Amino acid sequence: MASQIAILTRTRILLRLQQTKSISTFPFLSQEPELAESAHPTQTTPLPPNPASGSPLYHENWRNPNMTQNSTSLAQSLVPLGFLNQTPANRIQYLSQTLDATALMNHFADLMTQQRWTDVKQLFEFWVRSLDKNGKPNKPDVNLYNHYLRANLMMGASAAELLDLVAQMDDFAIAPNTVAFNLVLKAMNQAKETEAAKKLLERMLQGGVESLPDDESYDLVIGMLFGAQQIDAALKYVDMALKSGYKLSMRVFTECVGCCVSQGRLDTLVTVIERCKKTDQNRALYPNWSLCSYLAEVAMQADNSKLAFYALEFMAKWIAQGENARPPFLLSVDEGLIVSALATAGRTYNSSLLDASWAILKRSLRQKKVPSPGSYLAKISALASLGNLQKAFGTLHEFETAHGNSITEAEDLFSPFTSLYPLVVACSKKGFETLDSVCPFILQTIFVLIDVLLNQLLFNIFGDYDISLEKEIIMRISTCTDVSVSN
C-alpha cells in the first residue's frame, strides 16, 4: 500500500515537469521600457510672428489666436445664464419684469426696426401687469402707449379696435395726443371709413392743444374725401389746413387738381393754387406732367387764362427739374399747345399768359430750331389784340427773318388779307392816331413785304433772276415812299 502511494507521487511530479512550457519559442526579443502616449497631447507654445512678415497675428494675442473667437463667448456671459435658451414667451415675461420705462422704450425701438410687432404688443401687455422696482404697477406714458397702438395697427387691427384701445388710455391717466388719433385715422383710411374719419377729425379740432390735427391728419382725411368725390368737404379741410399753415402733400394736391378739373371747378382750383403759392411750404407743389398738360388744355378750352398760366408754370418747373437732374431728362411742351395758349392770351387779353407761353416754347425748342410759322402768327395776333403794336411788328420782323426764305409759302404767310389780317385791323382801330404811332413800323414792314413779294414775282417770271434787278425796284419804291411821307 505504501509502495503504491510512492509510485503515484513520482508520477504526478513527472507530469508537472512535462507540462511546463517556455516563455517563448521565438528568438530572443529586446524588451525595453517605453513611455506611454498621453491621451491629451500637449501643444507647444508657438513662436511669436515676425513683424516683417505682415502676419495679422502680430497685433493680436499671438499666444492664443482663438482669443477673438472667445471674446464673443465672454460678451455673451454678461447675459443671464439660460436667458437665450428660454422660450419667446418666457423671455418677454422676464424682460417685462426687469425693464423700466426708459429701457422699454429703447427696446421697442429695436423691435420696431426689426418689424417685430407681435413682440412689442406682448411685451407691453406683460409690462403693464408687472411691478416696478418700488413694488408699484408699471405706468406707461403716452409715447409708450402710442408704440402699442402702432403695433396693433401693423398687426391688422381695425379702426374700432384701435378706438377701444384709445379709450383704455384713461385707465392709465393718459390723454391721447395727435399721434394716437393719426394711427386711428390710418386704420380708417385703410378701411375707407370716410364719415368716421370726418367725425374723428372734428373731435380732434374740439380737443386740447395736444390733440389738434397736424398736416398728416389733414392729409389722411382730405385724401379720403377726394377719393369719395366729396369735393366740398375736402376743399373745406384744405382751406383749414392752409389757414393753419400746414403743408399739403403732393398726393393730396394732385388729387385736388384732378377732382376740380373733372368736376369743372376751375375757378375754385385757381383759388387753391393761389393760396398755396402764398405759403413757403406749399409753393413748390405741382401735379405730374401728364396732368399739367391736361389741365392746360381744359383751361384753354374754357378761356381760363389764369389757370392756363399756372398749368404752363407747372410745366416749366418740370422742364427745369429735368434739366437739373443727373442724368438729365429733357421734357418739351407740344408746340400746338403753345399756339392754343397764345390764342387764349389774345382772346382774354392776358399778357402774362402770352409771355409765359413764348418763354416756355423757346425753352422747349432749346435753340435747335425756330418756332413754326403758326406760333409766330399766333403771337402777332395776340399782341395785336392787346394793342401792343410795337412788339407785334417786332415779332413780324423776327418772323420774316426766320421764314422769309420760304418762297413757296411766303405769299400766304405774309399776306395782309389772311394771315396778317388781325394786325391790319389793330392798326386801323383808332384811325390816324394809331397810324401815326406805328408809321415807322409800317414802313419797315412794307419793305419787308415788298421784298418777299418781289422774290415770289421774279422767281415766277424768270426762275433764276438777277439780284440787281430786285435792288433797283426796292430803291425806286423807297424813294417814292419817302416823298409821300414828307408830303
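Below is a short exchange on the cavity, a pocket, the core and the salt bridges of a predicted model.

User: What should I know about the basis of these values?

Analyst: This is a predicted model: local features need pLDDT of at least 70, side-chain atom pairs count only at pLDDT 80 or more, and totals for chains, interfaces and linings use all residues. Residues are numbered from 1 along each chain as its sequence is written, and side-chain values use heavy atoms, with hydrogens and water left out.

User: What makes a space a cavity and not a pocket?

Analyst: The test runs on a 1 Å grid over the protein atoms alone. A cavity is a set of points where a 1.4 Å probe fits but cannot get out. A pocket is an open set with protein on both sides within 12 Å along at least five of seven lines. The structure holds one cavity of 30 Å³ or more.

User: How much space lies in the largest cavity, and what does a volume mean here?

Analyst: About 40 Å³. Grid points are joined across faces, edges and corners, and the volume is the space filled by probe spheres set on them.

User: Which residues lie nearest the centre of the second largest pocket?

Analyst: R91, H107, L111, R116 and D119, out of 11 lining residues. The pocket has a volume of about 170 Å³. Helix α3 (88–98) gives the most to the lining, with four residues. By class, the lining has five nonpolar, two polar and four charged residues. Ala, Val, Leu, Ile, Met, Phe, Trp, Tyr, Cys and Pro count as nonpolar, Asp, Glu, Lys and Arg as charged, and the others, Gly among them, as polar.

User: What makes a set of residues a nonpolar core?

Analyst: Its members are buried Ala, Val, Leu, Ile, Met, Phe, Trp, Tyr and Cys residues, joined through side-chain atoms within 4.5 Å. Here the largest has 115 residues, and F108, I222, F226 and L423 have the most contacts inside it. Helix α15 (residues 305–324) gives the most to this core, with nine residues. L423 touches I380, A384, L389, A392, F393 and L396, not counting residues up to four places away in sequence. Contact means heavy atoms within 4.5 Å.

User: Why is the pair E216 and K186 called a salt bridge?

Analyst: A salt bridge needs a side-chain nitrogen of Lys or Arg within 4 Å of a carboxyl oxygen of Asp or Glu. The closest N and O atoms of E216 and K186 are 3.2 Å apart, so the pair qualifies. E216 sits in helix α10 (residues 215–227) and K186 in helix α8 (residues 178–191), 30 residues apart.

Key. On a 1 Å grid over the protein atoms alone, a cavity is a set of points where a 1.4 Å probe fits but cannot get out, and a pocket is an open set with protein on both sides within 12 Å along at least five of seven lines; lining residues have an atom within 4 Å of a point. Helices (H or I, at least four residues) and strands (E, at least two) are DSSP runs, numbered from the N terminus. Buried means under 20% relative accessible area, exposed over 50%, partly exposed in between (1.4 Å probe, protein chains only).
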